[in-house]
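Hi,

Here is the structure I promised to pass on. Have a look at it first, and then read my notes below.

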Amino acid sequence: MVLFEGEYSGVLEPHRHFIPLRKDFANVDEVVRLLSDTSTLQEMADRIYSEVACNPRWSYRRFVEEFDDVVRLKAPDRAVR
């Protein structure tokens, strides 16, 4: 995964979960070089799968629970069904 440099809610770490691309494309040669290293790409894909995709903290269920908590907090007079 190639992403522009950024925070990504503190979930994704550059060089661990994605290849960072500078917004001015100043490091495009490095990005292309990294994309040709299939073993490193596989390691990164495996890492993001286990650390993010399989992590219950980032699941759809957890998202809905957090959303429901915000609704209850902001609109306590309304029932969530």
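Let's start with tyrosine 8, which sits in the loop between strand 1 and strand 2. (Helices, H or I with at least four residues, and strands, E with at least two, are DSSP runs numbered from the N terminus.) Before going further: this is a predicted model, where local features need pLDDT of at least 70 and side-chain atom pairs count only at pLDDT 80 or more, while totals for chains, interfaces and linings use all residues. Residues are numbered from 1 along each chain as its sequence is written, and side-chain values use heavy atoms, with hydrogens and water left out.

Back to that loop. Tyrosine 8 has a phi near 55°, a positive value in a residue other than glycine. Serine 9 is in the loop between strand 1 and strand 2 too, and its phi is also positive, about 60°. Most residues other than glycine have a negative phi. Tyrosine 8 is partly exposed at 33% relative accessibility, and serine 9 is exposed at 72%. The cut-offs are under 20% relative accessible area for buried and over 50% for exposed, with partly exposed in between (1.4 Å probe, protein chains only).

Further along, histidine 17 lies in the loop between strand 1 (2–4) and strand 2 (19–21). Is histidine 17 buried or exposed? Its relative accessibility is 3%, so it counts as buried. Its side chain makes a polar contact of 2.7 Å with that of glutamate 51. (That term means a pair of N or O atoms within 3.5 Å; within protein, one must be able to donate a hydrogen and the other to accept it, and residues adjacent in sequence count only if both atoms are side-chain atoms.) Beyond its neighbours within four places in sequence, histidine 17 is in contact (heavy atoms within 4.5 Å) with residues including Met44, Ile48 and Val52.

Those three residues are buried in helix 2 (residues 38–53). Seen down the helix axis, the buried residues fall within an arc of 30° (taken from the directions from the axis to the C-beta atoms), so they line one face of helix 2. They pack against strand 2, whereas the face turned away carries the exposed Thr38 and Tyr49.

Ile48 and Val52 also belong to the largest nonpolar core, which has 6 residues, among them Leu3 and Phe18. (Such a core is a set of buried Ala, Val, Leu, Ile, Met, Phe, Trp, Tyr and Cys residues joined through side-chain atoms within 4.5 Å.) Met44 is in a second, separate core of 5 residues, which also includes Ile19, Val31 and Leu34.

Cheers
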